[in-house]
Amino acid sequence: MRPLKIERRIKYESEVNPNFGKEIASMTGGEDLYSCIQCGTCSSTCPMSIYMHYTPRRVIAMTRAGFDKEVLSNNTVWLCASCYQCSVDCPKEIRITDVMYALKRKAIERKMYPRGFAVPALAKEFYNAVHRSGRSNEIHTVTKVFLKTNPLKLIKNAVMGIRLLLKGRLQLKIEKMEGDPAEVRDLLDAVRKKRKGLEEAAANNH
Ligand code: SF4
Ligand code: SF4
């Protein structure tokens, strides 16, 4: 009989990041983090919670407790489908979906994603493509995502990709937006700058 593998689940205070909760609460979307009463309504109403490593309620509790590595490297925030059901049902009117977005941004900033998980890479590649040319091109974005996360999957999906190309559902040529892509770029940069300013001001007030 194989010996049972025992995993240490105890986390000592010296291993957590005591500022993590405040960091997220000072981000756009994370403002209501400390209003949560841990009732669990969001977890029971969330259609994705059965697939998540941690339920939304637990993610909020762990964020406040400073479990930054666990929160940022689990799949919960990336599986959130932004359906807003939790936000509608929350008795404290917490915009949990927006908390998830704040955590996604923090995960991208710290490059801490679940290993081989495609969604963070997809979010990043999609943003980069729109920032560069005003719109994303499916085949280029998907190829980059597979190369970054699971190149074997690219080979496995090649036949389907060729079929879609033949049926005209995918295009090799990079489509361009009408108008000047620099306008979209300026808009995205302005939003990013504004958000950064707001978050810095909020962090200084904490
Ligand atoms: S429903 Fe709202 S108050 Fe209840 S656990 Fe979820 S976030 Fe917290
Ligand atoms: S917005 Fe995200 S966390 Fe909230 S119920 Fe929908 S999938 Fe779940």
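Author: By class, the shell around ligand 2 holds 10 nonpolar residues, four polar ones and no charged ones. Here Ala, Val, Leu, Ile, Met, Phe, Trp, Tyr, Cys and Pro count as nonpolar, Asp, Glu, Lys and Arg as charged, and the others, Gly among them, as polar. This is a predicted model, in which local features need pLDDT of at least 70 and side-chain atom pairs count only at pLDDT 80 or more, while totals for chains, interfaces and linings use all residues. Residues are numbered from 1 along each chain as its sequence is written, and chains are lettered from A and ligands numbered from 1 in the order in which they are written.

In all, 14 residues surround ligand 2, the closest being Cys46, Cys80, Cys83, Gln85 and Cys86. A residue belongs to such a shell if its C-beta atom, placed from the backbone, lies within 6 Å of the ligand. Two elements, α6 (85–89) and α7, each give two or more residues to this shell. The largest share, three residues, comes from α7. Such helices are DSSP runs (H or I, at least four residues), numbered from the N terminus.

Now for the loops beside these helices. Tyr84 sits in the loop between α5 (76–79) and α6. Tyr84 is not a glycine, yet its phi is positive, at about 70 degrees. It counts as partly exposed because 13 other C-beta atoms lie within 10 Å; the scale runs from buried (20 or more such atoms within 10 Å, with C-beta atoms placed from the backbone) to exposed (12 or fewer), with partly exposed in between. Glu93 is in the loop between α6 and α7, and it too has a positive phi, near 55 degrees, without being a glycine. Glu93 is exposed, because it has 10 C-beta neighbours inside 10 Å.

An automatic or database assignment sets the domain bounds, giving domain 1 (14–111) and domain 2 (118–196). Five residues from each domain take part in the contact, where two residues count as touching if their C-beta atoms, placed from the backbone, lie within 7 Å. The domain 1 side has three nonpolar residues, one polar and one charged.

For ligand 1, 14 residues form the surroundings, with Cys36, Cys39, Thr41, Cys42 and Cys90 the closest. That shell divides into nine nonpolar, three polar and two charged residues.
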